Amino acid sequence: MSQIQSDALVFFGATGDLAYKKIFPALQAMIKRGTLNVPVIGVAKAGWNLDQFKARAKDSLEQHGGLDDVAWAKLQLLLRYVDGDYVDPSTFVAVRQALGSAEHPAHYLAIPPSLFETVVEQLVKSGSAKGARMIVEKPFGHDLASAQELNRILLSAFPESSIFRIDHYLAKGPVHNMVSFRFSNTFLEPLWNRDYIESVQFTMAEDFGVQGRGGFYDQTGCIRDVIQNHIFQVLCNLAMECPARGDAESMRDEKVKVLKAIPPLTAKHLVRGQFKGYLDEKGVAPDSKVETFAALELAINSWRWQGVPFYIRAGKNLPVTCMEVLATFRKPPTTNITEPDIPQNYMRFRISPEMTVAMSVSVTAEHGGSSREAVELVASRHPSPEEMEAYERVLTDAMAGDATLFARQDYVEEAWRIVDPVLKENTPVYVYEPHTWGPKEAGETIIPCCGWDTPSGDEPPDFRIVKR
Ligand code: BG6
């Protein structure tokens, strides 16, 4: 099964926001790259016909990345549409008919998890589950128990090897680059451990609010929306051991080991915030205590990392939009040729908006003498137009049966185990002004040894390196 190419793509939630913003552009990109040549069946309950569905797809492409006339001409021939309720068996009879001779469809659930059980049951009953793959969107549950229940539902009809749990962060080139950088550069590995690294910080800042997604966000909050999934994936790439083999399972085994070594978060090590004005957003409860910001500290009790604090800060309406990781090295000893306040070295991985790997080094300050200043050696580049965007990557891989960039059952459950207890504690939520670095309580309670990193939104020019 793992080598078989899916011979149809069925996506549930076809008239929704995700399809409009991400899926249609990804499908067009796949056509352009020559990786999509099978029927694409949209399913939704909107009272639409095929022409209306095609019009929506075309509009989506025009609004998100641009319409390519040649690719669109091909894509629109592949599009099919089934309108109907997910509880109505006739919807699934129509899906089966639209599948025609396809024997290995990929079913993509771009729908709320509360509908998974109904859809899975109907797929089984209508004969569309056999030989099929299941692609599911995040959030995968809202706590450990619900994630386990979703896994139970999916695994009742599909083997784990046919389930593809999307975390689009995994499909970002710079996230993957962290692993290849770590394991392709000899100088780094001897230093990448508790003996040399003092602390690690992850910053995922967005300078915008909930962008009309108040209804979704108010059920989710920052920890569930980006920390339990996206940031934990980045953290695993930073902390994991080198996999014994390059296959999907070996990679995923190493990631799970990192999570297993992380004790559950505690209230003492978490500060939650909410930007001023959030309560006025459409879909948000007037007395909502949902966090739009979180700052926290966690530990990885492994041989490599024990004793090294890992700090995470993420939020909406912060001063900039960027995702950055900063690993700070311990101070060198003070000698008669160095000053006590010599800058600490660090490695900086920037995930977005551009990919940067930077290393700080201390050099003699411009005015000479014994003082030192930190300068960065920077390798940076923007995504090239040829690179796959995250949704193109995940759809392409899932349809080809490559699970490397998807979250496995045990990974998802371990990630929930870490955040679940503290989510249920209803810790205080402190209000912060939009476009600041969160509530002051975050800076007073969670205090990284070298202060919080405040990455700039400025993007360096491409390739500030000399290639040899
Ligand atoms: C999504 C979250 O999963 O990731 C959003 O739901 C967040 O709230 C987004 O903005 C960030 O991903 P990207 O790729 O847009 O930086």
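## Backbone exceptions

At 47% relative accessibility, His435 counts as partly exposed. This is a predicted model. His435 sits in the loop that links β16 (429-432) to α13 (440-445). Its phi is positive, about 65°, although His435 is not a glycine. Most residues other than glycine have a negative phi, and most peptide bonds are trans.

Gln211 is another non-glycine residue with a positive phi, here about 50°. Its loop runs between β7 (197-205) and α8 (214-217). Gln211 is exposed because its relative accessible area, 53%, is over the 50% cut-off.

## Cis peptide bonds

Lys138 and Pro139 are joined by a cis peptide bond, with omega about 0°. Pro139 belongs to the loop between β5 (133-136) and α6 (144-157). Lys138 is also one of the residues around the ligand.

A cis bond also leads from Ser352 to Pro353, with omega near 5°. Pro353 is in the loop between β12 (346-352) and β13.

## The ligand site

Which residues lie around the ligand? They are Lys138, His168, Tyr169, Lys172, Met204, Glu206, Arg213, Asp225, His230 and Lys316.

Lys138 places a polar side-chain atom 2.7 Å from a ligand oxygen atom. For His230, a polar side-chain atom is likewise 2.7 Å from an oxygen atom of the ligand. Lys316 has a side-chain N or O atom 2.7 Å from a ligand oxygen atom. On its own, the ligand has 400 Å² of accessible area, and the protein covers 76% of it.

## Helix α3

Helix α3 spans residues 69-78. Its buried residues are Ala71, Trp72, Leu75 and Leu78. They lie on the same side of α3, because their arc around the axis is only 120°. The cover over these residues includes α1 (17-33), β2, α2 (50-63) and β3.

The face turned away from the buried side carries exposed residues: Asp69, Val70 and Leu77.

## Helix α4

Which residues of α4 are buried? In this helix, residues 89-99, they are Thr91, Phe92, Val95 and Leu99. Their arc around the axis is only 90°, so they fall on the same side of α4. Strands β1 (8-12), β2 (40-44), β3 (79-83) and β4 (105-109) are among the elements that cover them, and so is helix α5 (116-125). Strands β2 and β3 are also part of the cover over the buried residues of α3.

Both ends of α4 have a local feature to inspect. At the start, a side-chain oxygen of Asp88 comes within 3.0 Å of the backbone nitrogen of Ser90. After the helix comes Gly100, with a positive phi near 55°.

## Thr356 in strand β13

Thr356 is part of strand β13, residues 355-364. Is Thr356 buried or exposed? It counts as buried, because its relative accessibility is 1%, and the cut-off for buried is under 20%.

One is with Glu354, at 2.8 Å. Another is with Ser380, at 2.9 Å.

## Ala285 in its loop

Ala285 is located in the loop between β8 (270-275) and β9 (293-298). It counts as partly exposed, because its relative accessibility is 28%. Leaving aside residues up to four places away in sequence, Ala285 touches Asp218 and Leu279.

How far apart are the C-alpha atoms of Ala285 and His382? They are separated by 39 Å, and the two residues are 97 residues apart along the chain.

Conventions:
Residues numbered from 1 in each chain as written. Predicted model: local features only at pLDDT ≥ 70, side-chain atom pairs only at ≥ 80, totals over all residues. Heavy atoms only, no water. Buried < 20%, exposed > 50% of the residue type's maximum accessible area, 1.4 Å probe, protein only. Helix = DSSP H or I, 4+ residues; strand = E, 2+ residues; numbered from the N terminus. Arc of directions from axis to C-beta. Contact = heavy atoms within 4.5 Å. Polar contact = N/O pair within 3.5 Å; in protein donor to acceptor, adjacent residues only side chain to side chain. Near = heavy atom within 4 Å. Areas by Shrake-Rupley, 256 points an atom, 1.4 Å probe, with all protein chains shown as cover.
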